[in-house]
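User: Could you take me through this model? I would like to start with the sheet and then move to the core and the ligand.

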Amino acid sequence: MIGLGTSQVFDDISADQRREVVKSLLDTGGTIIDTAPSYGDAENTSGQAVADLNARSKVFFATKVGASSREEGVAQNEASFKKLRTDKIDLIQVHNLRDTATQLGLLRDLKAKGRIRYLGITHFIEGPQEALAEWMGKEPLDFIQLNYSLDVRDPEKRLLPMAADKGIAVLVNLPLGRGRVLNAVKNKPLPGWAADVGVTTWAQLLLKFVVSHPAVTAAIPATRNPTHMRENVIAGQGKVLTAAQRNELIGLFEKA
Ligand SMILES: NC(=O)c1ccc[n+]([C@@H]2O[C@H](COP(=O)([O-])OP(=O)(O)OC[C@H]3O[C@@H](n4cnc5c(N)ncnc54)[C@H](OP(=O)(O)O)[C@@H]3O)[C@@H](O)[C@H]2O)c1
């Protein structure tokens, strides 16, 4: 239920450290690596790390297409296969709803040819949620990716129930609000029941909050730190939070 986001973090670190982060993801039982052509060199470096570890079969590669035309989309998708060093990509998502109709058409072709397993769309700010809902209503999508965290709970109103209703898998970006929500709560004591749900840190509890929503398939926090990676994957294992525990966290955050 917890994967690895690669935006910003993967360009800052050495190849050795990237391998350590990916090894930590896989050794702890995680599988998803989310990347994009626009994340600096992250598509290439995550592909390299997975190849170095000889771990392609253990990884669910999610990447994106962020193009303005058919030609650009075709070129970007072909480059993704090369950079990720794979013949089959698990998921390609139309990045931030850019040129969605054309790019989804290309992804449908790739899926029909068996070159990708799943297709989807993404966004990360609250404004375009209506547009996400519109595409969910009119296109057969396998995945949506959106931002959801303890302090950004708008998706609970419409998008998450709609995804559950339509059987669309949900990846959550910004589950830690780029560190914002973690900073808001980190000096508070953990709730007394944290150990009962297998949680020892606030980062884990915030991630467990996200993946405890029944419509959420997985969250993809970014990290450059192998210890954080392990900590994050563990947050997706074991018990999920009850409705009462989720409400208690919402109340705590509102007072933070
Ligand atoms: N439109 C889109 O499609 C879109 C938009 C935004 C993001 N995304 C995807 O979603 C991913 C996640 O978003 P994000 O990276 O912006 O935000 P995020 O995951 O909410 O936050 C990442 C930050 O949290 C820190 N962190 C991670 N685990 C931690 C832990 N256990 N303890 C303490 N700090 C921890 C990381 O620092 P450390 O390195 O120190 O761990 C990093 O600074 C991206 O990498 C990308 O793959 C997609």
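Analyst: A definition comes first: two strands pair if DSSP finds at least two bridges between them. Strands (E, at least two residues) and helices (H or I, at least four) are DSSP runs, numbered from the N terminus. This is a predicted model, in which local features need pLDDT of at least 70 and side-chain atom pairs count only at pLDDT 80 or more, while totals for chains, interfaces and linings use all residues. Residues are numbered from 1 along each chain as its sequence is written.

User: What is the strand order in the sheet?

Analyst: The order is β1-β2-β3-β4-β5-β6-β7-β8 in an open sheet of eight strands, with parallel pairing. β1 (4–5) and β8 are the edge strands, each pairing on one side only.

User: How many bridges join β7 to β8?

Analyst: Two bridges join β7 to β8 (residues 218–219), and these strands run parallel. L171 stands opposite A218 in β8.

User: And what joins β6 to β7?

Analyst: Five bridges join β6 (residues 143–147) to β7, again in parallel. V172 in β7 is the bridge partner of L146. The chain crosses from β6 through helix α6 (residues 159–166) to β7, in a right-handed β-α-β crossover; right-handed means that, with the strands pointing away from the viewer, the path from the first strand over the helix to the second runs clockwise.

User: Why is β7 largely enclosed?

Analyst: Four of the five residues of β7 (residues 169–173) are buried, so the rest of the structure largely encloses this strand. Buried means that 20 or more other C-beta atoms lie within 10 Å of the residue's own, with C-beta atoms placed from the backbone.

User: Turning to the core, which residues have the most contacts inside the largest one?

Analyst: They are I144, V172, L206, V210 and A219, in a nonpolar core of 62 residues. Such a core is a set of buried Ala, Val, Leu, Ile, Met, Phe, Trp, Tyr and Cys residues joined through C-beta atoms within 7 Å. Helix α8 (residues 202–212) gives the most to this core, with eight residues.

User: Finally, which residues come nearest to the ligand?

Analyst: G5, S7, F124, N173 and A222 come nearest, of the 29 residues around the ligand; a residue counts as near if its C-beta atom, placed from the backbone, lies within 6 Å. Helix α9 (residues 226–235) gives the most to this shell, with three residues.

Technical notes:
A residue is buried if 20 or more other C-beta atoms lie within 10 Å of its own, exposed if 12 or fewer, and partly exposed in between; C-beta atoms are placed from the backbone.
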